[in-house]
Amino acid sequence: MNQRKRVVVGLSGGVDSSVAAYLLKEQGYEVIGMFMKNWHDESVTISNECPWMEDSTDAMLVAEKLGIPFQAIDLSEEYRARIVDYMFAEYKAGRTPNPDILCNREIKFDIFLKAAQKLKADFVATGHYCQKGEISIEGKPVYQLLAGADPNKDQSYFLCQLNQEQLSKALFPIGHLQKPEVRKIAKEQDLITADKKDSQGLCFIGKVRLPDFLQQQLKPKKGEILVIPEDLPVYKGTTLPENRAFENLDNEQLDAICLPIHYNITQGKTIGEHHGAHYFTVGQRKGLQVGGTGKPLFVIATDTTDNVIYTGLGETHPGLLRNGLFVKQEDVHWIREDLRLKVGESTRYQARIRYRQPLVGATLIQRSNGLYVIFDLAQKGIASGQFVAWYKDQESIGSGTIF
């Protein structure tokens, strides 16, 4: 059936995409391997290794071994415009971006997809650990983004910004496999990537330390680290109502629970100094270099305008733990458009605010200004600019950028 369906596989030079290409070939697809070169700014790589060249060579050798056509495509211009510039802008504004999610939405399933379609491809495929489902609603196909079968590797969170159009063209050939099975297939097929370590770090830069990378554009400047007491009056308004009837709350009450608190320097006391508030993120513990506090110190807020870092002592500090978050209306994204909430509606889903975090029950409340998400368990280190994704069982339903 797949005989003449053409698939372009994003060969990254890793084991996952190598096995994805092999499986598609086995299934009878016409497979083309394509390597995306997203980054070649040598000034920020850590070592003399040149990761993209090594990856590109490995990708080419895999294509050769599988007997499929191979080409490399340079997307570094688009990458800089859509991902790198966005990252700098977000950090500068004191938010914490997630470049991996953006990379999938803007690069792999947009620019790369368009390049594949120029090659008359029916689909693009990646080595992501997630699965695609298809159901019919009123006679029309609706595509589902489902978790990968390997719970340790499920990458559905990274794809939470895809839309129906993108999903309709996507294939995830290894999503039903466990990681060890993928390595076993690669070994059996004698693919050069079989024992290659999984790449760490950002989806593009390879071996780069984030602060080093940020320092190119965001210059270090000294500022104060303040510690905020646990009994700040503002924390009283953030507690949840006893009956948990959130739907009855007005926007002001929801704001108190879900919006980040803005601190000022009169509320805390100075306990150290830092080299730039824009290098720190909410929930961060390492890198503060303040000793003798007894309990561990966590970042609870950053102010990049006045260059101040606000911290709290211990994992249970009310500034570190939040019951809810807010997503502005223009940042709310539904993979399942048919399940989109109307203004005034609320529903229950499970949600996570970071990759590999266990899902936790949450109430979603749609108001005209945006979406309020209130968790069953308080969440640690909710950071503006990151993504919240909500699920029903194994299916990713939608996501949004945290305000």
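The legends below describe an overall view and two close-up views of a predicted model. Residues are numbered from 1 along each chain as its sequence is written, and side-chain values rest on heavy atoms, without hydrogens and water. In this predicted model, local features need pLDDT of at least 70 and side-chain atom pairs count only at pLDDT 80 or more, whereas totals for chains, interfaces and linings use all residues.

View 1. Helices (H or I, at least four residues) and strands (E, at least two) are DSSP runs, numbered from the N terminus. The C-alpha atoms fill a box of roughly 65 × 55 × 35 Å along the principal axes. Of the 403 residues, 52% are buried, that is, under 20% relative accessible area, with exposed meaning over 50% and partly exposed in between (1.4 Å probe, protein chains only). Among contacts (heavy atoms within 4.5 Å) between residues at least 6 apart in sequence, 70% join residues at least 24 apart.

**View 2. Aspartate 190 in the loop between helix 6 (179-188) and helix 7 (210-215).** The phi of aspartate 190 is near 60°, a positive value in a residue other than glycine. Most residues other than glycine have a negative phi. Aspartate 190 counts as exposed because its relative accessibility is 53%.

**View 3. Aspartate 393 in the loop between strand 17 (387-392) and strand 18 (395-401).** Aspartate 393, a residue other than glycine, has a positive phi, near 55°. With 55% relative accessibility, aspartate 393 counts as exposed.
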